[in-house]
Structures are given as C-alpha cells and as structure tokens.
Amino acid sequence: MLEISDLITAVDPRSGHRLPVSRAEVIRLLDEAGDARAARIVAGLPTDRDGLLDPDAVDRLLISVHAELQRLSEELRIGERLVHLLGPLLQAIRATNGPGRYRLVDVGCGLGYAVRWLAATNALGPDVELVGVDLDAALVAEAGRLARAEGLDCHFVHGNAFALPEAATVYISTGVLHHFRGPALTEFFRSQAASPAQAFCHFDIAATRLAPVGAWIFHLARMRHPLGRHDGVASARRAHSDETLLRAADVPGITPLLYEPRGAANPFCTTLRPIIGVRPHLEDPFRRSLGRAARRLVGPDYLIEPTR
Ligand SMILES: C[S@@+](CC[C@H](N)C(=O)[O-])C[C@H]1O[C@@H](n2cnc3c(N)ncnc32)[C@H](O)[C@@H]1O
C-alpha cells in the first residue's frame with residue numbers, strides 16, 4: 001500500500017531541491033496499486049496548465065495534515081514515551097562518557113512536535129542540544145517558525161535521513177520507519193551506526209492485528225482531510241514487524257533492542273514502540289538506568305526459535 005504524502009512531493013536526493021510532480025503520474029501509480037480511493041483524493045489536488053501539482057497547495061495541505069498528526073502525538077503522549085527511554089539512555093551515556101554537550105537529532109521530524117515538546121519541558125537536561133531534520137523543506141520551515149513563536153531552544157534543518165547534515169549523540173524518530181522499505185531500512189540504521197552516534201531510538205507503529213483498525217478509528221475521529229485519513233491507515237498497514245526491525249537494526253557496531261515486543265505487550269495499549277540501538281558497551285548501563293522496565297527489552301536472541 002502506498003502513502004499519498006510520499007508521492008505528491010519529490011526532492012532531488014543529492015541537491016535537496018524540489019522536483020515537479022505530475023498529478024497524472026501519481027494517479028497512475030495509485031491505480032496500479034489498486035487504490036482507487038487514493039487516486040480520487042489526488043485527482044482533487046490543483047495543478048498548473050501542464051498537469052504539475054501546485055507546490056504551494058501541496059505544502060499547505062501537508063502542513064495542515066501534520067498539524068492534525070501533532071494532535072495524535074499529544075494524545076498518544078509521545079513526549080512522555082520518549083523521555084521514559086531517552087532519560088535512562090542519556091543517563092547511561094553521561095555515566096560512560098562523563099559530562100559534555102550532547103546532541104539529539106530527530107530524523108523526519110515533520111513539524112517538530114517531539115523536539116519542541118522536549119525543548120518546552122527541558123526533560124532531557126540543559127546539556128542536550130535538540131535538532132530536527134526533515135526532507136520536506138516546507139515542514140522544517142514551519143517547525144522552525146513554531147519553535148521561534150514558542151521561544152524554544154531547539155533548531156530545525158532541511159536534510160535527508162540517508163545523508164544527515166547534523167551529527168548526533170542520539171538519533172530518534174517518530175512514525176518514520178515504515179516509509180523505508182527493504183534495503184533502505186537497513187541502510188537507515190547502518191548510516192547512523194557508521195556515524196559517531198552512541199545510540200538511536202526510533203518509534204513507529206506496532207504491527208499488531210489491531211493497528212489498522214485502531215488507526216482507522218483514530219484518524220476518522222481526529223483528521224479532517226481525506227489524505228490524512230488515508231495515509232494514517234496506510235501507515236498502520238505498512239508497519240514493520242518486530243522481526244523485520246530487529247534484523248534490520250542488527251548492523252555492525254550496534255546492539256539492537258526492541259522495547260515492548262508484540263508477544264509481551266497488550267495490543268490494546270501498544271500503539272507505538274521503539275527499536276533501540278546502542279553501542280555494545282552502553283547496553284548494561286542502559287539496562288541498569290531503566291531499572292524494572294528493562295524487562296521489556298528484547299535483543300536478537302528473541303528471534304531464535306526455542307529448540308527441544
Ligand atoms: C509520518 S511523518 C512523521 C513526522 C513526525 N516525525 C511526527 O511524528 O509527526 C514522516 C516524515 O518523514 C519525512 N521523511 C521521509 N523520508 C525522509 C528522508 N529520507 N529524510 C528525512 N525525512 C524524511 C517526511 O517528510 C515526513 O515529515
């Protein structure tokens with residue numbers, strides 16, 4: 001299943017410049033995927049005389065859909081969930097590396113809700129610089145505008161997850177992993193492992209059987225534009241399984257850990273859960289900082305079938 005928002009903007013991966021998008025081409029792709037509803041939604045978007053999607057209208061639409069997505073993040077208490085794990089993770093990094101200046105980078109930050117929430121609450125401490133990165137120039141510009149209006153100490157940059165412009169101590173993301181399929185998912189983790197980063201913590205929709213139904217109810221109740229409703233359900237259907245995440249994050253130099261795997265979690269409560277990667281020497285201090293909650297972490301051995 002395709003997401004409309006992935007198709008209606010295009011960026012040159014090298015230069016970061018925006019490319020024109022033909023509405024007929026997007027409709028053709030959606031028809032080919034058998035998604036007539038999505039094709040009808042795109043058919044209603046404005047174009048110029050050459051049939052190219054109006055970039056300003058697309059930007060306005062994506063900003064309004066992401067503003068509605070922010071309400072979902074508030075309801076799902078994304079900020080608190082991040083701090084529950086990032087607090088102990090940074091505690092382990094400080095205990096190992098000593099005092100310093102650390103940087104957290106949110107990849108695919110959209111309107112920057114997570115970074116702005118962390119800045120507004122100062123939940124991670126003054127030694128952690130907060131940065132958001134996104135491929136969509138209009139979304140990061142709006143994230144920066146909101147942060148300035150809110151007087152927050154954080155910043156946002158335009159960039160690609162596969163050629164990150166800002167080095168980090170810890171990379172995070174929310175609701176982004178399902179956009180990366182096949183080798184791109186491993187490449188996402190591999191490029192962070194190849195950087196000087198100490199850890200990553202990427203939250204995405206848990207691939208439970210209830211996820212598409214839950215997403216449908218949530219998005220119907222909370223989102224006005226059909227594009228937001230469509231993509232909300234599509235993203236739940238595209239959520240990666242525990243196995244896919246643990247295998248893809250098992251890259252050189254990183255110990256992959258999944259928090260709240262499907263078998264150990266209540267599917268009614270687990271909407272998003274993270275795949276975490278730590279440098280091997282950080283695993284024990286991180287587990288100690290987490291305390292009892294460390295019982296909910298599983299590593300690659302979780303994938304090994306028990307033998308009799
Ligand atoms: C579903 S949105 C999530 C936005 C935000 N993290 C949130 O939770 O509201 C996915 C975001 O990933 C961004 N994105 C997709 N591919 C990307 C890439 N290669 N590099 C950086 N950002 C990317 C999109 O522009 C979009 O803002």
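## Salt bridge between Arg18 and Asp59

In this predicted model, Arg18 and Asp59 are joined through their side chains by a salt bridge, with an N to O distance of 2.8 Å. The pair connects distant parts of the chain: Arg18 belongs to strand S2 (residues 18-19) and Asp59 to helix H4 (residues 55-75), 41 residues apart.

The two partners fall in separate accessibility classes. Arg18 is partly exposed because its relative accessibility is 37%. Asp59 has a relative accessible area of 16%, so this residue counts as buried, the limit for that class being under 20%.

## Other salt bridges

Across the whole structure, a search returns 15 salt bridges. Side chains of opposite charge can pair when their charged atoms come close.

One of these bridges is between Glu142 and Arg145, whose closest N and O atoms are 2.8 Å apart. Both residues sit in helix H7 (residues 137-149); they are three residues apart and therefore separated by about one helical turn. Glu142 has a relative accessible area of 17% and so is buried, whereas Arg145, at 42%, is partly exposed. A network of salt bridges also links Glu3, Asp6 and Arg238.

## Arg273 and its partners

Arg273 is located in strand S9 (residues 272-278). The side chain of Arg273 forms a salt bridge with that of Asp242, at 3.0 Å from N to O.

Are Asp242 and Arg273 buried or exposed? Asp242 counts as buried because its relative accessibility is 5%, and Arg273 counts as buried because its value is 1%.

## Ligand surroundings

The ligand is surrounded by 18 residues, and the closest are Gly108, Asp134, Asn160, Ala161 and Thr174. Sorted by class, this shell holds eight nonpolar, eight polar and two charged residues.

For Asn160, a polar side-chain atom lies 3.0 Å from a ligand nitrogen atom. Thr174 also uses a polar side-chain atom, which is 2.7 Å from an oxygen atom of the ligand. On its own the ligand has 600 Å² of accessible area, of which the protein covers 85%.

## Nonpolar surface patch

A nonpolar patch on the surface is formed by Val213, Trp216, Ile217 and Leu220, which together have about 400 Å² of accessible area. Val213 lies in helix H9 (residues 211-222). With a relative accessibility of 46%, Val213 is classed as partly exposed.

Note on methods:
Residues numbered from 1 in each chain as written. Predicted model: local features only at pLDDT ≥ 70, side-chain atom pairs only at ≥ 80, totals over all residues. Heavy atoms only, no water. Patch = residues over 30% accessible without salt bridge, like charges linked within 9 Å, V, L, I, M, F, W, Y side chains within 5 Å. Areas by Shrake-Rupley, 256 points an atom, 1.4 Å probe, with all protein chains shown as cover. Salt bridge = Lys/Arg side-chain N within 4 Å of Asp/Glu carboxyl O. Helix = DSSP H or I, 4+ residues; strand = E, 2+ residues; numbered from the N terminus. Buried < 20%, exposed > 50% of the residue type's maximum accessible area, 1.4 Å probe, protein only. Near = heavy atom within 4 Å. Polar contact = N/O pair within 3.5 Å; in protein donor to acceptor, adjacent residues only side chain to side chain. Nonpolar A, V, L, I, M, F, W, Y, C, P; charged D, E, K, R; others polar.
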